[in-house]
Amino acid sequence: MSDSKPVVLLAEELSPATIEALGPDFEIRHADGADRAQLLAAIADVDAILVRSATQVDAEAIAAAPKLKVIARAGVGLDNVDIKSATQAGVMVVNAPTSNVISAAELTVGHVVSLARRIPAASASLKGGAWKRSKYSGVELFEKTAGIIGLGRIGALVAARLQGFGMDIVAYDPYVTPARAQQLGVRLVELDELLATSDFVTIHMPKTPETVGMLGAAAFAKMKDTAYVINVARGGLVDEAALHTALVEGQIAGAGIDVFVKEPSTDLPFFGLENVVVTPHLGASTEEAQEKAGVSVAKSVRLALAGELVPDAVNVAGGVIAPEVRPGIPLIEKLGRIFTALAQGSLTSVDIEVAGEIASLDVKALELAALKGVFMDVVSEQVSYVNAPILAEQRGVTTRLVTTSVSEEYRNVLTLKGAVSTGAQFSVSGTLTGPKQIEKLVGVNGYELEIPITDHLLVLRYTDRPGVIGSLGNVLGEEGVNIAGMQVSRNEEGGEALAVLAIDAELPAGVLDRVRETIGAAFAHEVNLA
């Protein structure tokens, strides 16, 4: 494999489809992520790491990987990834948030049916040599009430499947509108009402300080003594000690639990109860879910290593990027670099202005790309969409995203405006033109122009007078510098003029000073984007 290819480390076993989704553009390495010494050695020079749940990508591991750009978790949970440390280091963290939703919903229904008809206990009894039909009499799901706590993706899928049994569905979710619930055929209620009226209570909430122990002693006391509790979401949402007490004292009829506070768990007190069904965290353990997760994060890794924003990145506030917005990302990143090169000082504020048709869309990604460009050439650490906002905050640079639908000259215009500690103001504007979406610089410090953005630009401000352009051409010609394009803008005849030149290569040492002296430039800066 070519040494120039980005290195992707697979720290756990992933499907062939995952490797296929990565494609041929990467050097693929393998390591046992659960072996700490092997992990720290293997991660030293990689660009990306793909893990499941056994590999701990903590602050130590991230510090040992100076080239690391993306951590990909082929699954939903991120308990094994130090997101804060990754963000500080500019490392993108991605997961596969929708890969297991169907599998988790189906397992939830499996627990509901198993509890209602006592299938696991009856199976174990019969395999043990006993024929006890009357002992394992169950209940029908038809016309029973299912209470769903958390009506997100999985909760909604569970609702749809339980409706197929003819169950009445109620739900508690403070972030779901009545209109959305009605669309799902679900009635929203307060949590206390759900607990009091439901025959089966299933929880599908994220694990936060507010939701840990959400189903505990107080909740069990409000439930019917014929009700069942199911948790396939996150360990800790159900208070395990309180659950055992409620089961032993007959406050509830039974429970189906797939996730636990500590995993693996093999000997919790309620494991010995016949009215409990337990599974070893099988929510995502289907061939389909595993493959979806691997393929999903592989695609995210490809995007991340290509320098693009990733919709599934958990530590980037970019969100899903509209197709109309996406072409502006590389443009505004370059504008950020041009802005910094021209500002030549300690920034105190930056406004990112989006004008035109795309202003009505979600353009948060453009703000992130602009900040990445602003800091790329002036800080020693790796700059990414992830840590660019943090770099601004650490340096006391106030940032603001401004949008307006008004754009008189072009369909869309992107502008960076800001100030440095001396109080001086700077601005650059750019747009995309034509069917090929050519990136053009259309404004610098209030001067209007239109010139394609190339790898090497020369920006000059001088007193408008005859002969300047000829003198400039002579100097660059003598130094062997070829001019690929040039635009001159002035506010009035004989006043200040601004020239932007696209040149084929970086200026040799000393040439910029010679240019400045020859034309008496008040402002002369070279911008290298290569």
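**A helix and the sheet it crosses**

Helices here are DSSP runs of H or I with at least four residues, strands are runs of E with at least two, and both are numbered from the N terminus. Keep in mind that this is a predicted model, where local features need pLDDT of at least 70, side-chain atom pairs count only at pLDDT 80 or more, and totals for chains, interfaces and linings use all residues. Residues are numbered from 1 along each chain as its sequence is written, and side-chain values use heavy atoms, with hydrogens and water left out.

Back to α13. Its 16 residues reach 22 Å from first C-alpha to last, close to the 22 Å expected at 1.5 Å a residue (that is, 1.5 Å times one less than the number of residues). Of those 16 residues, 14 are buried, so α13 is largely enclosed by the rest of the structure; buried means under 20% relative accessible area with a 1.4 Å probe, protein chains only.

What does α13 lie across? Helix α13 (residues 328-343) lies across β19 and β22, at about 145° to β22. Angles run from 0 to 180 degrees between N-to-C directions of lines fitted to C-alpha atoms, for helices over the stretch in contact, and contact means heavy atoms within 4.5 Å.

Now for the strands. β19 (residues 456-463) runs antiparallel to β22, joined by six bridges; pairing takes at least two bridges found by DSSP. L457, for one, has V527 in β22 as its bridge partner. Another helix, α16 (residues 468-478), packs on the sheet and touches β19, β20 and β21.

The sheet itself is open, with four antiparallel-paired strands in the order β20-β21-β19-β22. β20 and β22 are its edge strands, each pairing on one side only.

Note on methods:
Buried means under 20% relative accessible area, exposed over 50%, partly exposed in between (1.4 Å probe, protein chains only).
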